[in-house]
Amino acid sequence: MAITRDSTLDLDQVGTRTRILTGIEATEIDDSNMSELISMAIEWFEVQSGLTYTVNTDDAYDNSVIFYTSYLASIAQIG
């Protein structure tokens, strides 16, 4: 099996990858709320790093946003 990098990552895919990592379905956290969590994760990234986040410019930055979004989504799901 060949594994290749998806070179066209966008914010929708950030949400999809977050859902894969957390197992959270759209019925549990809808797309509107997931977008808000992604925005919060981007804000966190920018404050912590001092950089401006642009999706799909650096894999490490994308993964940081995805992982922090996963953390926030897990908290939101638990309540």
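Modeller: Two residues are in contact when they have heavy atoms within 4.5 Å of each other. This is a predicted model, so local features need pLDDT of at least 70 and side-chain atom pairs count only at pLDDT 80 or more, while totals for chains, interfaces and linings use all residues. Residues are numbered from 1 along each chain as its sequence is written, and side-chain values use heavy atoms, with hydrogens and water left out.

Biologist: What is Ala76 in contact with, leaving aside its neighbours within four places in sequence?

Modeller: Ala76 is in contact with Ile29 and Leu37, those neighbours left aside. Ala76 lies in helix α3; helices are DSSP runs of H or I with at least four residues, strands are runs of E with at least two, and both are numbered from the N terminus.

Biologist: Why does Ala76 count as partly exposed?

Modeller: Buried means under 20% relative accessible area, exposed means over 50%, and partly exposed is in between (1.4 Å probe, protein chains only). Ala76 has 46% relative accessibility, so it counts as partly exposed.

Biologist: Why is Ser70 called buried?

Modeller: Ser70 has 10% relative accessibility, so it falls in the buried class. Ser70 also sits in α3. Apart from neighbours within four places in sequence, Ser70 is in contact with Thr18, Leu21 and Thr22.

Biologist: Which residues of α3 are buried, and what covers them?

Modeller: The buried residues of α3 are Asp62, Val65, Ile66, Thr69, Ser70, Leu72 and Ala73. Their cover includes α1 and α2.

Biologist: How do you know that the span of α3 is close to the expected one?

Modeller: The expected span of a helix is 1.5 Å times one less than its number of residues. α3 has 20 residues, and its expected span is 28 Å; from its first C-alpha to its last it reaches 28 Å.

Biologist: What makes Asp58 a cap of α3?

Modeller: A side-chain oxygen of Asp58 lies 2.8 Å from the backbone nitrogen of Ala60, at the N-terminal end of α3. A polar contact is a pair of N or O atoms within 3.5 Å; within protein, one must be able to donate a hydrogen and the other to accept it, and residues adjacent in sequence count only if both atoms are side-chain atoms. After α3 comes Gly79, with a positive phi near 100°.

Biologist: Why is α1 described as roughly perpendicular to α2?

Modeller: Axes are lines fitted to C-alpha atoms, for helices over the stretch in contact, and angles run from 0 to 180 degrees between N-to-C directions. The axes of α1 (residues 11–22) and α2 (residues 31–49) come within 10 Å and cross at roughly 100°. That makes α1 roughly perpendicular to α2, since angles of 65 to 115 degrees take that name, with under 35 roughly parallel, over 145 roughly antiparallel and the rest oblique.

Biologist: Which residues meet where α1 and α2 are in contact?

Modeller: From α1 there are Leu11, Val14, Gly15, Thr18 and Arg19; from α2 there are Asp31, Met34, Ile38 and Ile42.

Biologist: How do you know that Arg19 is buried?

Modeller: The relative accessible area of Arg19 is 15%, so Arg19 is buried. Arg19 belongs to α1. Not counting residues up to four places away in sequence, Arg19 touches Ile24, Glu25, Ala26, Ile29, Asp30, Asp31 and Met34.

Biologist: Why is Leu51 classed as partly exposed?

Modeller: Leu51 has 35% relative accessibility, and therefore counts as partly exposed. Leu51 is in the loop between α2 and α3. With neighbours within four places in sequence left aside, Leu51 is in contact with Phe45, Glu46 and Tyr61. Leu51 and Ala73 are 22 residues apart in sequence and 23 Å apart, C-alpha to C-alpha.

Biologist: What is the class of Asn56, and why?

Modeller: Asn56 is partly exposed because its relative accessible area is 26%. Asn56 lies in the loop between α2 and α3. Its phi is near 70°, a positive value in a residue other than glycine.
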